[in-house]
Amino acid sequence: MEYLIGIQGPDFVLVAADNVAASSIIQMKHDYDKMFKLSEKILLLCVGEAGDTVQFAEYIQKNVQLYKMRNGYELSPSAAANFTRKNLAEYLRSRTPYHVNLLLAGYDDTDGPGLYYMDYMSSLAKAPFAAHGYGAFLTLSILDRHYKPDLTREEALDLLKMCVEELNRRFILNLPSFSVRVIDREGIHDLEKITPSTK
Amino acid sequence: MALEDICGFKNSPLHRKLSPASCFEDTATFLHMNDNSGTLLNFFMPSFLSSAAFTCRSLAKPSLTVRRPFNLSHGTTTLGFIFQGGVIAAADTRASAGGLVACPFVHKISPIHSHLVVTSSGSGADCMLWERILRREIRLYQLRHSRCLSICGTAKLLSFMLHPFKGTDVCVALTLCGWDKELIYVCSDGARLQGDIFSVGSGSPYAYGILDGSLRWSLSNEEAISLAREAVFRATHRDAYSGNHVDLFHITAQGWSLLHHPVNKNCINDL
């Protein structure tokens with residue numbers, strides 16, 4: 001029902017998430033933000049079971065900020081991703097596993113941009129592009145076809161719009177708008193929301 | 001809580017045996033169940049929780065300890081919305097248990113303090129208990145810090161208190177309606193959403209149908225009240241588990257006020 005997508009370029013990461021917060025058949029909110037800012041250059045996108053998403057994401061967010069307070073410098077995206085995965089793994093075999101699917105996107109000053117795909121089974125993969133949700137079935141092939149590692153920001157945004165249009169055409173559920181953000185050397189920037197045109 | 005303090009229940013062997021501390025696996029959750037004075041909130045967890053090694057929460061079987069004579073039903077229509085004149089909270093007054101109207105005049109909206117009101121849906125007993133716990137915690141906060149906790153803080157506190165019971169049969173869906181024009185929906189699944197308009201319960205789709213079409217920021221007080229009443233009325237007309245009267249609260253910067261109407265035109269208990 002929910003959709004996350006991330007596309008990594010040579011010096012930026014573009015991420016987008018839908019804005020629907022649903023409860024059974026009702027859209028309770030249509031401007032809900034599924035991205036959590038872990039630090040100045042790291043975003044965590046989180047979907048999954050109702051309460052688990054916010055609880056887990058806020059837990060990770062506060063721990064990353066605590067690390068910065070204690071040590072004086074921020075966790076790198078790779079370290080944050082591995083920390084998140086470790087927490088997921090620890091809770092997986094407890095009485096209260098977190099059923100969440102995540103994308104972690106960040107910019108490291110030494111290593112450059114990074115996009116990390118994590119799922120509720122606590123797998124972790126660094127990928128040039130990734131998507132979560134039923135919408136991923138429809139859009140991963142588009143990403144496979146049109147992605148190139150040196151794509152510009154405009155090309156990445158066009159690729160994202162192609163994916164959103166495909167969802168609008170073929171996905172059974174209505175996802176009226178998507179928040180879009182890009183992370184680069186300067187930090188996290190909000191872009192205009194994408195609202196697919198009605199066909 | 002108070003009664004067991006007086007009875008000295010904490011020192012009895014039964015309490016030590018059933019101490020909830022063993023049911024929580026990490027200290028963070030344990031601390032949440034303590035209020036700051038250190039007294040434990042004693043909830044007796046069903047025994048299956050402590051013995052399962054790995055339970056997928058979504059497949060958890062219902063509690064085997066208490067057999068109910070009838071199915072719990074979550075029939076209700078409650079709604080809340082924000083407009084220029086403050087916040088309106090409305091609800092029907094029918095408590096249903098399966099196909100039976102258990103009580104035709106239940107208060108589903110109750111005040112937490114002078115400027116905060118909560119609408120409840122889900123299991124009636126759970127809602128009453130958790131409203132009472134919330135009232136207690138807010139009052140304690142007020143006494144300790146000599147100021148009211150903000151609505152966001154209240155919602156977060158409630159959400160964290162409900163989190164250990166996720167996956168059990170606790171079913172509460174509360175909408176906190178507060179004076180600074182905030183509306184937050186908190187549910188025992190863990191959802192916590194802030195918004196401008198919420199409707200909860202089995203009659204909520206019908207209420208959304210009326211509200212989404214006519215709700216505007218610029219409504220006058222009378223128009224907003226009559227819109228809320230009509231939305232609940234239409235929901236009670238279609239939904240079997242909602243009915244009887246409509247309770248309405250209007251929350252402004254001066255506090256909440258309950259709107260009584262001696263002859264409720266929209267009362268349908270004569271059907």
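Q: Given that two strands pair if DSSP finds at least two bridges between them, in what order do the five strands of the open sheet in chain A stand?
A: This is a predicted model, in which local features need pLDDT of at least 70 and side-chain atom pairs count only at pLDDT 80 or more, while totals for chains, interfaces and linings use all residues, and side-chain values use heavy atoms, with hydrogens and water left out. Residues are numbered from 1 along each chain as its sequence is written, and chains are lettered from A and ligands numbered from 1 in the order in which they are written. Strands (E, at least two residues) and helices (H or I, at least four) are DSSP runs numbered from the N terminus. With antiparallel pairing, the five strands of the open sheet in chain A have the order 5-6-7-8-9.

Q: Which strands of chain A stand at the edges of this sheet?
A: An edge strand here has a single partner strand, so one of its sides is left without a neighbour in the sheet. This holds in chain A for strand 5 (35-39) and strand 9 (124-126).

Q: Which residue is the bridge partner of A:Ile42 in strand 7 of chain A?
A: Strand 6 (residues 42-48) and strand 7 (residues 100-108) of chain A pair in the antiparallel sense over seven bridges. Within strand 7 of chain A, the partner of A:Ile42 is A:Gly106.

Q: Are helix 1 and helix 2 of chain A parallel, perpendicular or oblique to each other?
A: Angles run from 0 to 180 degrees between N-to-C directions, and axes are lines fitted to C-alpha atoms, for helices over the stretch in contact. Helix 1 (residues 50-71) and helix 2 (residues 77-92) of chain A pack at about 135°, with their axes 11 Å apart. Angles under 35 degrees count as roughly parallel, over 145 as roughly antiparallel, 65 to 115 as roughly perpendicular and the rest as oblique. Helix 1 and helix 2 of chain A are therefore oblique.

Q: Is B:Asn244 buried or exposed?
A: Most residues other than glycine have a negative phi. Phi of B:Asn244, however, has a positive value near 65°, and this residue lies in the loop between helix 8 (221-238) and strand 11 (246-252) of chain B. Buried means under 20% relative accessible area, exposed over 50% and partly exposed in between, with a 1.4 Å probe and protein chains only. Because its relative accessible area is 4%, B:Asn244 is buried.

Technical notes
Pairing = 2+ DSSP bridges.
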